[in-house]
Amino acid sequence: MSAEPSPQSPWQAATITRIEKRTPRVTSFWFQPSRPFAHLAGQHVDIRLTAPDGYQARRSYSIASAPEAGGGVELAIERLDDGEVSPFFHDVAAVGDEIELRGPLGGHFIWEESDGGPILLVGGGSGVVPLMAMVRHRTLRNTAVPVALVFSARVWDEVIFRDELIGLDDRRDGFDLVLTLTREPARRPSDYSRRVDARMMAQAVERLPKTPRLAYVCGSNAFVSAAADALIGAGVPAGIIRTERYGV
Ligand SMILES: Cc1cc2nc3c(=O)[nH]c(=O)nc-3n(C[C@H](O)[C@H](O)[C@H](O)COP(=O)(O)OP(=O)(O)OC[C@H]3O[C@@H](n4cnc5c(N)ncnc54)[C@H](O)[C@@H]3O)c2cc1C
């Protein structure tokens with residue numbers, strides 16, 4: 001699925017500089033754009049692939065890296081076995097390859113330190129990617145803005161960025177990680193083993209020192225609808241909820 005193009009953002013060549021498997025189904029790819037590139041946490045890029053016969057496929061991918069990270073633009077791409085573009089990255093793409101990229105795109109689903117908090121992040125599967133950019137931005141800015149991340153995955157091994165997130169949670173510096181596994185028992189005492197619901201969202205809100213200023217929800221259409229309903233059911237005002245839908 002592709003987001004609306006921005007006329008200010010032309011296509012440019014970008015080289016894959018690094019590839020790292022994150023989970024059995026998700027791999028991170030780092031891209032070095034050929035032109036200067038500056039993004040905000042939560043934004044995405046469009047990727048365009050062109051076959052030798054001229055056929056083109058475009059897809060949108062959220063940026064996982066923090067704006068201040070350096071080292072290229074990290075995209076974490078989940079393999080959909082029957083998909084068109086994601087299997088190309090998993091099976092064919094290699095370090096040194098050049099693809100076309102456009103962006104950064106998106107002006108609504110972003111968080112900057114100056115937006116303040118507390119903030120509540122809710123991600124399902126690869127929907128955690130733009131939220132990860134926000135968490136990393138918070139860490140690199142060394143800010144105390146309280147953040148709770150509720151991350152729903154099917155199983156423990158599919159928790160993308162798991163070690164990094166648990167390491168940040170262990171710092172107890174105002175970042176709070178809540179994992180919920182939908183097909184396995186919870187592994188940590190404060191985690192859950194069910195789909196997101198209003199009670200879980202109410203408990204996530206209680207982990208914050210005061211009412212959230214903003215809530216961000218990202219994932220598949222079905223996940224975003226369910227999580228946004230759960231937030232509203234927990235008393236979070238609809239007006240502070242920002243959503244990003246990956247389609248399907
Ligand atoms: C703003 C934004 C950010 C995104 N960020 C990420 C990200 O960070 N990571 C990530 O992994 N994904 C992300 N996505 C999703 C991504 O853009 C792609 O949709 C995803 O990678 C699937 O692409 P694909 O070409 O592999 O699959 P596709 O070929 O697009 O197929 C996707 C699914 O739809 C089904 N399908 C295809 N055509 C039909 C049809 N005609 N009828 C019924 N079913 C059909 C396929 O079977 C498959 O299961 C994002 C999407 C958006 C909009």
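Ala, Val, Leu, Ile, Met, Phe, Trp, Tyr, Cys and Pro count here as nonpolar, Asp, Glu, Lys and Arg as charged, and the others, Gly among them, as polar. By that scheme the shell around the ligand holds nine nonpolar, six polar and six charged residues. This is a predicted model, in which local features need pLDDT of at least 70 and side-chain atom pairs count only at pLDDT 80 or more, while totals for chains, interfaces and linings use all residues. Residues are numbered from 1 along each chain as its sequence is written, and side-chain values use heavy atoms, with hydrogens and water left out.

**Ligand shell**
- Of the 21 residues around the ligand (a heavy atom within 4 Å), those that come nearest are Ser 60, Tyr 61, Asp 82, Val 85 and Ser 86.
- At least two shell residues each come from strand 4 (56-62), strand 5 (73-78), helix 1 (86-91) and strand 11 (241-245); helices (H or I, at least four residues) and strands (E, at least two) are DSSP runs, numbered from the N terminus.
- Strand 4 contributes the most, with four residues.

**Polar contacts (pairs of N or O atoms within 3.5 Å)**
- An oxygen atom of the ligand lies 2.7 Å from a polar side-chain atom of Tyr 61.
- A backbone N or O atom of Val 85 is 2.7 Å from an oxygen atom of the ligand.
- A polar backbone atom of Ala 76 lies 3.0 Å from a nitrogen atom of the ligand.

**Gly 72**
- Gly 72 is in the loop between strand 4 and strand 5.
- Gly 72 counts as buried because its relative accessibility is 19%, the cut-off being under 20% relative accessible area (1.4 Å probe, protein chains only).
- The C-alpha atoms of Gly 72 and Phe 29 are 9.4 Å apart, with the two 43 residues apart along the chain.

Key:
Polar contact = N/O pair within 3.5 Å; in protein donor to acceptor, adjacent residues only side chain to side chain. Buried < 20%, exposed > 50% of the residue type's maximum accessible area, 1.4 Å probe, protein only.
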